[in-house]
Amino acid sequence: MLRLITDFDGPIIDVSERYYRVYQYCLQKIRYPEQSVQQLTKAEFWQFKRSRVPERQIALNSGLDATQAQEFAQLRRQTVHTDTYFEYDRLIPGAVEGLLKIQQAGIDLAVMTMRRVRELDYAFQKYDLGSFFPENRCYCLKNDYVKTSDIQDKPLLMERALAELPPASDTWMVGDTEADIAAAKKYGIKVMAVESGIRDRTQLEIYQPDLIVQDLSTVVKLILESQSVKIG
């Protein structure tokens with residue numbers, strides 16, 4: 001049995017608008033009443049995020065001072081995963097079609113995400129994605145889980161998944177960050193990194209995934225092609 005374990009934000013969901021709206025909110029909230037700031041365009045902001053420019057530096061680049069930059073970073077962390085902003089998430093083009101093809105091909109499909117249960121449920125309901133991921137194929141954080149860092153927490157999810165899921169003859173992990181790559185590599189799982197998420201190619205290359213591809217549609221195409229070759 002072939003298995004595909006996919007991250008949620010990045011391969012399936014585009015979070016760029018949520019992150020940008022939170023950036024705009026934090027910039028306006030932290031700026032002094034008469035202070036002139038330089039709000040980044042969404043493209044500028046997202047490129048900073050994808051190349052891992054620190055939050056404080058993004059604040060400084062937007063015209064805040066050092067003290068404000070620290071407050072900006074803190075407010076951003078408190079805000080970015082609040083219910084108010086999840087509505088700005090969007091589906092990655094072609095992602096649902098890709099999931100459907102994986103399902104139709106009889107490939108075992110699981111999701112592994114740093115979202116909490118309620119955050120994943122919200123997106124499942126909004127975009128009707130629950131049919132792709134039954135409860136025993138969903139690996140996410142409990143609502144009361146105290147996060148440390150993704151690169152520490154995600155391998156713990158992978159450890160749990162590998163202990164609970166039935167054996168597979170071949171497994172691929174798909175993700176968009178260093179945490180996904182680290183979780184896969186720790187357990188000897190092949191990993192494809194997608195450029196449709198919150199890291200650019202330069203950042204992904206540092207962590208040496210097996211492949212770097214454009215998006216989930218490309219992942220599906222490659223997996224199905226490799227399967228047809230094996231069958232042939």
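Colleague: Leaving aside neighbours within four places in sequence, which residues is T177 in contact with?

Modeller: In this predicted model, T177 is in contact with I198, R199 and L204. You can find T177 in the loop between β6 and α9.

Colleague: Is T177 buried or exposed, and how do you know?

Modeller: The relative accessible area of T177 is 13%. Buried means under 20%, so T177 counts as buried.

Colleague: What makes the pair T177 and A179 a polar contact?

Modeller: Look at the start of α9, where a side-chain oxygen of T177 reaches to within 3.2 Å of the backbone nitrogen of A179. A polar contact needs a pair of N or O atoms within 3.5 Å, and a distance of 3.2 Å falls inside that cut-off.

Colleague: Which residues meet where α8 and α9 pack?

Modeller: From α8 come D150, I151, K154, P155 and M158, and they meet E178, A179, D180, A182, A183, A184 and K186 in α9. By class, this contact has seven nonpolar, five charged and no polar residues.

Colleague: Which residues of α9 are buried, and what do they pack against?

Modeller: The buried ones in α9 are E178, A179, D180, I181, A183 and A184. The buried residues of α9 pack against α8, β6 (170-175), β7 (190-194) and α10 (201-206).

Colleague: Now for L162. Why is L162 called partly exposed?

Modeller: L162 has a relative accessibility of 38%. Buried means under 20% and exposed means over 50%; 38% lies in between, so L162 counts as partly exposed.

Colleague: Where does L162 lie, and which residues does L162 touch, not counting those up to four places away in sequence?

Modeller: L162 lies in helix α8, and it touches Y187 and I189. L162 and Y187 are 25 residues apart along the chain, and their C-alpha atoms are separated by 8.8 Å.

Note on methods
Residues are numbered from 1 along each chain as its sequence is written. This is a predicted model: local features need pLDDT of at least 70, side-chain atom pairs count only at pLDDT 80 or more; totals for chains, interfaces and linings use all residues. Side-chain values use heavy atoms; hydrogens and water are left out. Contact means heavy atoms within 4.5 Å. Helices (H or I, at least four residues) and strands (E, at least two) are DSSP runs, numbered from the N terminus. Ala, Val, Leu, Ile, Met, Phe, Trp, Tyr, Cys and Pro count as nonpolar, Asp, Glu, Lys and Arg as charged, and the others, Gly among them, as polar. Buried means under 20% relative accessible area, exposed over 50%, partly exposed in between (1.4 Å probe, protein chains only). A polar contact is a pair of N or O atoms within 3.5 Å; within protein, one must be able to donate a hydrogen and the other to accept it, and residues adjacent in sequence count only if both atoms are side-chain atoms.
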